[in-house]
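Please read it alongside the sequence and the model.

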Amino acid sequence: MKYAYASKTGHVEKIVRKLGLSDALKITDGTETIDGEFVIFTYTTGKGKVPKQVETFLSRNAGVQAVGGSGSRAKSHADTFNFAADTIGMQYNVPILARLDGTGTDAEIDLLKDVIETL
């Protein structure tokens with residue numbers, strides 16, 4: 001399986017590193033291409049929106065199989081926690097592998113590693 005991710009504050013990038021996905025494609029402007037099936041990791045921007053570069057990337061690359069999200073449960077973001085992952089999951093009819101707060105706990109990362117190994 002291939003992996004792609006977008007990271008604004010560095011949380012998603014840290015998750016990808018913790019998962020040991022050193023060959024994951026970093027999405028910077030959405031014009032990147034990935035061949036075949038892939039899992040995408042993203043953050044939520046604004047009031048619960050999918051980042052523009054992620055929308056562009058997904059529109060240019062068929063094959064998304066699952067999504068993982070990072071967000072903040074802080075009071076100012078709690079009502080839109082991981083909405084981008086939810087939106088991608090619904091829009092592309094793919095499972096949401098994780099809805100992590102920040103970089104996730106060690107236990108959440110270990111569980112996510114197990115899930116990824118089954119893909």
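**Note on the salt bridges**

1. A search of the whole structure finds four salt bridges, a salt bridge being a side-chain nitrogen of Lys or Arg within 4 Å of a carboxyl oxygen of Asp or Glu. The model is predicted: local features need pLDDT of at least 70, side-chain atom pairs count only at pLDDT 80 or more, and totals for chains, interfaces and linings use all residues. Residues are numbered from 1 along each chain as its sequence is written, and side-chain values use heavy atoms, with hydrogens and water left out.

2. Glu-13 and Lys-26 form a salt bridge whose closest N and O atoms are 3.4 Å apart. Because Glu-13 belongs to helix α1 (residues 11-18) and Lys-26 to strand β2 (residues 25-26), the pair ties together parts 13 residues apart in sequence. Helices (H or I, at least four residues) and strands (E, at least two) are DSSP runs, numbered from the N terminus.

3. A salt bridge also joins the side chains of Lys-52 and Glu-55, at 3.8 Å from N to O. These residues are three apart in helix α2 (residues 52-60), and so about one helical turn separates them. Lys-52 is exposed, at 64% relative accessibility, while Glu-55 is partly exposed, at 38%. Buried means under 20% relative accessible area, exposed over 50%, and partly exposed in between (1.4 Å probe, protein chains only).

4. Between Arg-99 and Asp-86, the closest N and O atoms of the salt bridge are 2.7 Å apart. Arg-99 lies in strand β5 (residues 96-101) and Asp-86 in helix α3 (residues 83-92), so this pair links parts 13 residues apart in sequence. Asp-86 is buried, with a relative accessible area of 18%.

5. Finally, salt bridges with shared partners join Glu-13, Arg-17 and Lys-26 into one network.
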